[in-house]
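Biologist: Thanks for sitting down with me. Could you show me the model, and then we can go through it together?

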Amino acid sequence: MQLATEIKRVKKLPKSGNYRLLLSIVDTVADTAKIARRLKKREISIVRHFPAEAPEPRTGELIVLDRAETAAALVGLSSPKKMPTSRKGEIVSAFEDFDRDGHPELHVRNGTVSLDLSPVRGGLITHFAKKGREGLVDNRVVTGINSKIPCGITFAGFKSKGFNPENTKFKVDGYNEGDIKCQKSPIAIQLKGKCDGLDTRIALSLAPDSPILGLEMRIQNKGKKAKAKKIHPALSMHFLPLGHRNCDISLRTPSGKTRPFALYPSIPVWMWTERWFDYTGNINTGKSGFIVARRKDTGEGLVFAFDPNSVARVWHERGAPLPKALIIGGEMSIPKNGGKNFACHLSPLDRFEVGKGYLLGTISDGKNCHVVLCGPESAEIFAIIGGKSKRLELVKVGETIFRAKLRETPERLELPIAGISLKLDR
Amino acid sequence: MNPIEKITIGIDWEIPINSAKTGMSASGKKLERIIEKANLRLPELEIGDDIDLLEIRPGMLKSFAEFREKTKLAFETCVKIAKREGVVLVPIGYREADQNPAGGHIHAGSLTSFADIAELHNRMMPFVPALIAIMSSSPSADGNYRSLRMKHNAHSCSNPMTFMKPEHSLERWGTDVCIKYPYKPTLEFRAADSQPTPAMMVEMGALYLGLAVGLSRLKKPPFAANILEYGLNRMNAVRNGMRATFRFGDSEITASEIVLEHILPLAAESLDTFGAPDGPFGIIEKMAKSRISVSDWIEKIIPAGIDRIRASGEMTRAYISGVDPVGWLVSQGRRKALPYEDPDNELLDAVGIGTPLGHIYTSLPLPRAFVEKLVSKMVEKGKLRTGFGPKNDIFLDRIDLL
């Protein structure tokens, strides 16, 4: 998001070419959400250099602020909002305008992961990462939303006619601006919106200390005038613009193949060739469906596990300005007075790869430790407990997710296929 | 070939229209209203749209005076209407905010046979890089290109041209020089960026028309068409604008020399029957002498490295303030020519990690066989690595990025 403003007052500074400008905010640009009322007509002051060849600034003229100027201006408009902290075994959720763009964001955090979500921007998840990590989805590198195609994860209309959840303004059920909630039981939050006449809800679920975020779009076709509809939704993911040098994100399919995102260095959208579309295809996942996007330099990334009952298991990637992946829901018929759900799980990926799957992390419920794994089949995991190596019994907890229950947190997890030995914090 | 006897010109002048409040595209209803009102006032002129750009098409014009008057009238009328709608016409080659290119297409006519038009198309080839250089008005935000629009082949609307054989070549749409015959009796120049004022659009249009007429009158053109030389020179023109140096065989010649010594005399001489005044190319001559183009003026207003949203805002503000690009362009001193650049850097810039060879073919205006030779050279030098994709397609990696 950047600010478009009108000049109210101009003062030429002694240093040549520098002007102090008093500006009034007119609109926001490069953003999918409309300008917030509380920002409109607010006055800000900046100092800007104008080249000798450029016309001198005059009252009433347009000034568009760049990202740094916008960030500085927003800081000057409101007092800082502190992100709430969480203790082990707790989930904290807050609904507050943390980035000062005029629209409140939903912040959810447990002992393992944190996420930010913008309800007015179609429920876009603008930040999702493990504690203290950068993550592949992160708009916090700049204040507000940084592009018309912002980095983030959102449900999208894809090929649906008129059904555009990414452009829908959602409301967070049970939250008012300024609310902060803290709980020890799993959290379930619903975002309510109306999209192409359909009641559209986005349901988030997160357990304490779990790295796995449940994300589900629930669509209901109710009302006297309701007609049966066909939609073709997708979960759309735009990753962090990592720049020229770090752009090698790899993508792993459920069939176990790893492919590079193959970005262009100078990334023009219009230079897609037909080759980019060759990657589209059906994935015969059987019982499991997941996609892993991972940075090769740091090993960090995201796992997208999807429910094969509601997702058509088709994936798609393109070389776009931001690396983009879509989990496509396939065509869904929404009958009159009926509904459909579209469920996915997200998890920030750690560095550790286990056979054909990925270790997502460990969860502690106070008494027991749970080792959580995502993959098409169970892998051999050994834990060192009391100096002895013990093979873990993995239990399927979702279509793609396995869990091993231990009475205590082991000293070490050994992953023999990947040749990794992981020391755990106890 | 038969010389062009009935001289006609037409232009499709694409102009980005920006909101005076935000500097972003003001397309949609505002654009529709401007076109509707302009057509009510000037029904004899074709003022329309091209996606979200305003497009001024004054029709088939038969004299220099008619060309100048109608172009100026259409532009000034649209500016007045736009002002009332809270919209600004920003006629430059690229709107940075949404990376939207705008061209100033020129139709030179009238040609009466496909054989003539194909021959003229080939004769035009060696001059195209110099025309791109003088007409460039879309500098890149990183400062590396003078015509970013042409770097990206104007979103595949102005691709590198190929050699035409009248006996069996098919006419293709969307090349730098494009045969419109038999639908229109013209040879269109699509590689020109949109020009900042009607006076400049008229001069650039007349320059291309004069060159086309002049080349049609010559028994033997001064330069033979060479597809590889054209591609390499085009690359230099896109990068360095009017400071570029071109190669023809073993000799090197600057863009400025081509314009001053070959194009301008030929164009000025051949526009006599078109009613051109004395010295019709006053702005172009001064620009060529000082080796500058509109891109240099734009770079002075929005310096390299500036945020692209802010850049659009600044360019919009400049046009609201009533800037005078011509005044600046004709008052500049002579700049140094830049040396001829080999395509090595251009190739390396187009390769990242896992970049398909097919992408490189479309990124560089060079024959495929030459691109493959260039890739082999870079592999030998240890700068690139090749590999195979899932369908045996060739992928390239830049070693320094691995």
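Biologist: Happy to start with contacts: what share of the contacts in chain A between residues at least 6 apart in sequence join residues at least 24 apart?

Modeller: A contact here means heavy atoms within 4.5 Å. Counting pairs in chain A at least 6 apart in sequence, the share that joins residues at least 24 apart is 61%.

Biologist: Before we go on, what should I know about the model and its numbering?

Modeller: This is a predicted model, in which local features need pLDDT of at least 70 and side-chain atom pairs count only at pLDDT 80 or more, while totals for chains, interfaces and linings use all residues. Side-chain values use heavy atoms, without hydrogens and water, chains are lettered from A and ligands numbered from 1 in the order in which they are written, and residues are numbered along each chain as its sequence is written, from 1.

Biologist: Good to know! How many helices and strands does chain A have?

Modeller: Both are DSSP runs numbered from the N terminus: helices are H or I with at least four residues, strands are E with at least two. By that count, chain A comes to one helix and 35 strands.

Biologist: And which residues does A:Val172 touch, beyond its neighbours within four places in sequence?

Modeller: A:Val172 lies in strand β11 (residues 171-172) of chain A. With 8% relative accessibility, A:Val172 counts as buried (under 20% relative accessible area; exposed is over 50%, partly exposed in between, with a 1.4 Å probe and protein chains only). Its contacts are A:Phe95, A:Leu106, A:Pro119, A:Ile189, A:Gln190 and A:Leu191.

Biologist: What percentage of chain B's residues count as buried?

Modeller: The C-alpha atoms of chain B fill a box of roughly 65 × 55 × 45 Å along the principal axes. Of its 402 residues, the buried part is 61%.

Biologist: I like aromatic pairs. What is the angle between the planes of B:Trp13 and B:Phe75?

Modeller: Rings of Phe, Tyr and Trp (its six-membered ring) pair if their centres lie within 6.5 Å, with planes under 30 degrees apart stacked, over 60 edge-to-face and the rest tilted. Seven such pairs turn up over all chains. B:Trp13 and B:Phe75 are stacked, with centres 5.1 Å apart and planes at 15°.

Biologist: How many residues apart are those two?

Modeller: Both B:Trp13 and B:Phe75 are buried. B:Trp13 sits in strand β1 (residues 8-19) of chain B and B:Phe75 in helix α2 (residues 64-84) of chain B, so the pair links distant parts of the chain, and the separation is 62 residues.

Biologist: Last one: which cysteine has the sulfur closest to that of A:Cys195, and how far away is it?

Modeller: A disulfide is a pair of cysteine sulfur atoms within 2.5 Å, and the structure holds zero of them over all chains. A:Cys195 is buried, at 3% relative accessible area. The closest cysteine sulfur is too far for a bond, belonging to A:Cys344 at 16 Å.
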